[in-house]
Amino acid sequence: MVQKGLNFMTSWLGWVSRTPLMMAILTVPALLLFGLLAWVPLSAMAPLPMAASETATAMTAPADPGAMPANAKSELAPALQPAIASDQAKAEATAASYRIKSILNLDGPLKFGSYAWDESNAPASGQMLITVDLTAQTLSVFRDGHEIGAAAILFGDDDKPTPLGVFPITEKDADHISNLYGAPMPYMLRLTNDGISIHGSDVEWGLATHGCIGVPVEFAELLFRNVKLGDIVIITDGEMMKTGDSVKGI
């Protein structure tokens, strides 16, 4: 039918081209006629529109994680995840509901290698929480919302940065030796599957770690004795808090 329409148009245009007035008068009806002849087969070839819900599904369905490249920005290697999903969700919920009730009264910024510990304002038991501020280079430990300890820290350099986030303590080992570097990590509190932890260290100016958080050994021992598996560690970069604030995680 399309071919017949084309043959008709060719013969008709040859005739009306000799008469400009006729060409002008008949052009519009002819085009409408040609469109009518061509409409049925052309529309039959066009695909049906996708339903709105089908379109959304096709555009937003996630890719198979197993098919994603290892360097995809939206994928985290299992070794870098702070914990399994359920533990991570529990840790973040605990952090979000934690409120600061009191802080230690320090004379000034802590120097490298120094720390403070005072449990006098805190109850003998209660939910423990550790916060780390990389900008301030300080670790604080709270019991039931009361700060009982603080120390200057070492952390990872640019090549091996300390990760930010909310991490439950997954392992404790007072006499741990690094599997990667063969170095002692006394009073180790593991935070990630790939070895990021809090541990005792020589905290001196100019030093850095391979991503771990180093604290004075004496402080590490106090910390080790007061926390348990599952207690929460929040690592931020410049998150300041004061009495009455709720803890803000990443």
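Strands here are DSSP E runs of at least two residues, and helices are H or I runs of at least four, both numbered from the N terminus; two strands pair if DSSP finds at least two bridges between them. This is a predicted model, where local features need pLDDT of at least 70, side-chain atom pairs count only at pLDDT 80 or more, and totals for chains, interfaces and linings use all residues. Residues are numbered from 1 along each chain as its sequence is written, and side-chain values use heavy atoms, with hydrogens and water left out.

Start with the open sheet: six strands, ordered β1-β4-β3-β2-β10-β5, with mixed pairing. Colour β1 (115-117) and β5 (165-168), the edge strands, each pairing on one side only.

Now zoom in on β1 and β4 (residues 146-152), which pair antiparallel over three bridges. Pick Tyr 115: its bridge partner in β4 is Ala 151.

Next, show the nonpolar core, meaning buried (under 20% relative accessible area, 1.4 Å probe, protein chains only) Ala, Val, Leu, Ile, Met, Phe, Trp, Tyr and Cys residues joined through side-chain atoms within 4.5 Å. The largest one has 24 residues, and Ile 130, Val 132, Leu 139, Ile 198 and Leu 223 have the most contacts inside it. Helix α5 supplies its largest share, four residues.

Which residues belong to the second, separate core? Select Tyr 98, Val 166, Ile 232 and Ile 234, which are among its seven residues.

Definitions and conventions:
Buried means under 20% relative accessible area, exposed over 50%, partly exposed in between (1.4 Å probe, protein chains only).
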